[in-house]
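Dear colleague,

Please find below the structure for your review.

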Amino acid sequence: MNTYVYGITASSHPALPEDMGGIGDPARPVRVLKQGALAALVSDAPDGLRPKRRELLAHSAVLAEAGAAGCVLPMRFGSVAPDDDTVSSVLAERSEHYEERLTALDGKVEYNVKASHDEEAVLHRVMAENPELRAMTEANRQAGGGTYDQRLHLGEMVVAAVKAQEAVDATDVQHTLEPAADAVSVGPDSSGWLANVSFLVDRDEAETFLTAVEQLRSGHPHLELRVNGPLPPYSFVEPGPAEPAIPSAAEHAEE
């Protein structure tokens, strides 16, 4: 049977509760595979695994339990190996990398910040800061709305101005919050968000980071910010120079 991997810890990590269950229905018992100074938190992988809410919560619960007792390198949901021996081999082959990551991420959490524009507020902002747009808008108004070409040209200029503001604001989000974090990971572009950035934060400095978020929010009223965290440091595990040895079974699954 395939082996599902939740995360990687030090072999000296405190034991999980004996009845700790993971993914699957019924929940598969969570086991610990030790290899030298490292250990992997695993269970049997059910057939047809899909990223359903119940499974995602079970994955997160195992990581939360382990993370409460010490540093854990979280694997993405759906990380599956052919068997236990493969997992042990990965730990042995990449022991130096994983041990370095455990040391670097000890006491750290991740906050993911996504930003988007309040449409009405950003339009007000770009109009207020662009005399040419204001002049064109007023000219069209006095001309009864302007010709089709004039309205089209104005619309194109407004869109371009908003796009330019998106780029400025994306940079502001990262640069404003970066000083309050130990590391930054820029996430993939996603529809509806002008910024998608993860920050590695010392657990003891979380309030400082969240204060910086509130200052960013108050200083940029045209921005809508969504903060998710504290999270296990998913974005900072880094698989190393080679391709991930434990691929995600969810990569080809239906959302």
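I begin with one residue. If its neighbours within four places in sequence are set aside, H13 is in contact with A66, A69, G70 and C71. H13 sits in the loop that runs between strand 1 (3-10) and strand 2 (31-35). Its relative accessible area is 16%; because buried means under 20%, H13 counts as buried. Please bear in mind that this is a predicted model.

Four strands make up an open sheet in the order 7-8-6-9, with antiparallel pairing. Strand 7 (183-186) and strand 9 are at its edges, and each has a single partner strand, so one side of each has no neighbour in the sheet. From one strand to the next, the twist averages 20°. Eight bridges link strand 6 and strand 8, which pair in the antiparallel sense. V113 has V197 in strand 8 as its bridge partner. Helix 7 lies across strand 6, strand 8 and strand 9, and runs at about 170° to strand 9.

In soluble globular proteins, nonpolar side chains tend to be buried together. The largest nonpolar core here has 20 residues, of which V113, V173, L177, F199, V201, F209 and L225 touch the most other members. Two or more residues each are given to this core by strand 6 (108-117), helix 6 (148-177), strand 8 (195-202), helix 7 (206-219) and strand 9 (223-231). Helix 7 gives the most, with five residues. Apart from this core lies another, of 19 residues, including V5, C71, L102 and L105. C71 is also one of the residues in contact with H13.

What does V201 touch, not counting residues up to four places away in sequence? The residues are G107, K108, V109, Y111, A180, A181, A206 and F209.

Finally, there is a helix pair to report. Helix 4 (residues 119-129) and helix 5 (residues 131-142) pack with their axes 5 Å apart and at an angle of about 100°. The two helices, helix 4 and helix 5, are therefore roughly perpendicular to each other. In this contact, V126, M127, A128 and E129 of helix 4 meet P131, L133, R134 and T137 of helix 5. By class, the contact of helix 4 with helix 5 comprises five nonpolar, one polar and two charged residues.

With kind regards

Definitions and conventions
Residues numbered from 1 in each chain as written. Predicted model: local features only at pLDDT ≥ 70, side-chain atom pairs only at ≥ 80, totals over all residues. Heavy atoms only, no water. Core = buried A, V, L, I, M, F, W, Y, C linked by side-chain atoms within 4.5 Å. Buried < 20%, exposed > 50% of the residue type's maximum accessible area, 1.4 Å probe, protein only. Contact = heavy atoms within 4.5 Å. Axes fitted to C-alpha atoms, helices over the stretch in contact; angles between N-to-C directions. Parallel < 35°, antiparallel > 145°, perpendicular 65-115°, else oblique. Nonpolar A, V, L, I, M, F, W, Y, C, P; charged D, E, K, R; others polar. Pairing = 2+ DSSP bridges.
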